[in-house]
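Please read them with the coordinates open.

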Amino acid sequence: MIKLKRDKDINALEKASKIVGETLEMSREIIEPGISTWELDKKIEEFIRSKGAIPSFKGYQGFPGSACLSVNEVLIHGIPSKEIIIQEGDIVTVDVGAYLGGFHGDAARTYLVGEVSEEKKKLVEITYQALELAIETLKNATRLGEMGYEIQQYVESRGYSVIRDFGGHGIGREMHEDPFIPNFGEKNSGPKIRIGMTLAIEPMISMGEYATMILEDGWTVVNTDYSLNAHFEDDIAITKDGVKILSRV
Ligand code: MG
């Protein structure tokens with residue numbers, strides 16, 4: 001069931017989402033060659049708590065970190081580790097949630113570390129543009145499927161693939177609410193877009209196969225061909241004044 005929010009709920013969600021946005025900005029500033037994903041996770045947790053919020057991911061279904069930190073071929077749900085040291089040329093996806101005032105914010109960015117290969121740069125740029133396109137599409141769409149359709153057309157026409165096993169979701173008092181929002185599919189499909197919807201939009205794009213698998217740790221998701229991936233996510237609200245992006249600062 002899709003839970004539509006009143007203005008006061010959207011305002012509360014925005015406060016949580018903004019903390020996530022600030023945490024992502026902070027992460028961008030401290031990611032550098034030599035830092036482990038464990039250290040990065042500690043800094044993220046401290047930052048979120050310093051804002052009076054709680055890291056949503058910590059303990060979520062047993063997840064050990066405060067952030068999902070996914071390096072290079074890892075698509076999502078990378079577990080922070082002292083053994084994973086970020087290197088020059090890596091791409092690192094930081095996916096963070098913050099819980100404040102009864103609401104969860106949830107957003108992600110893929111960052112370039114130092115000098116990065118052209119193919120990685122292009123992948124990250126296309127993925128970012130896919131998120132921008134998704135948000136633009138929402139402004140005039142009547143059903144959520146139009147967004148997935150536009151993302152898929154854009155991405156596949158450039159030779160990349162859209163991850164199908166994971167996608168966006170409703171967000172609010174629960175981190176994952178209905179509906180599930182695929183980043184592919186038919187234009188005339190999906191729930192009708194309605195005022196009060198709050199959604200986490202998150203295209204995940206691969207240079208290779210779209211099929212995924214989970215590694216032995218029970219969390220880390222990679223493509224079946226271990227190809228490179230990127231991922232951007234923002235929280236938005238459908239309000240009477242239009243689409244509002246909640247998680248950007
Ligand atoms: Mg999400």
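1. Burial is used here as follows: a residue is buried under 20% relative accessible area, exposed over 50%, and partly exposed in between, with a 1.4 Å probe and protein chains only. By that scale Asp234 is buried, at a relative accessible area of 0%.

2. On provenance: this is a predicted model, in which local features need pLDDT of at least 70, side-chain atom pairs count only at pLDDT 80 or more, and totals for chains, interfaces and linings use all residues. Residues are numbered from 1 along each chain as its sequence is written, and side-chain values use heavy atoms, with hydrogens and water left out.

3. Asp234 pairs with Arg248 in a salt bridge (a side-chain nitrogen of Lys or Arg within 4 Å of a carboxyl oxygen of Asp or Glu), at 2.7 Å from N to O. Asp234 belongs to strand β14 (residues 234-239) and Arg248 to the segment after β15 (242-245), so the bridge ties together parts 14 residues apart in sequence. Strands (E, at least two residues) and helices (H or I, at least four) are DSSP runs numbered from the N terminus. Arg248 is partly exposed, with 25% relative accessible area.

4. Glu14 and Lys18 form a salt bridge with an N to O distance of 3.3 Å. Both lie in helix α1 (residues 7-30), where their spacing of 4 residues amounts to about one helical turn. Glu14 counts as buried at 16% relative accessibility, while Lys18 is partly exposed at 25%.

5. Arg164 and Glu156 make a salt bridge, their closest N and O atoms lying 3.4 Å apart. Arg164 has a relative accessible area of 27% and is partly exposed; Glu156 is partly exposed too, at 36%.

6. The whole structure has 16 salt bridges. A network of them links Lys42, Glu45, Arg49 and Lys58.

7. How many cavities of 30 Å³ or more does the search count? The count is 1, where a cavity is a set of points on a 1 Å grid over the protein atoms alone where a 1.4 Å probe fits but cannot get out, and lining residues have an atom within 4 Å of a point. The largest cavity has a volume of about 30 Å³, volume being the space filled by probe spheres set on the points, with grid points joined across faces, edges and corners.

8. Residues lining the largest cavity include Ile2, Lys3, Lys5, Glu177, Asp178 and Pro179. Strands β8 (177-181) and β9 (198-201) are the elements that give two or more residues to this lining, and β8 provides the largest share, 3 residues.

Conventions
1 Å grid on protein atoms, 1.4 Å probe; cavity = no way out; pocket = protein on both sides within 12 Å on 5 of 7 lines; lining within 4 Å.
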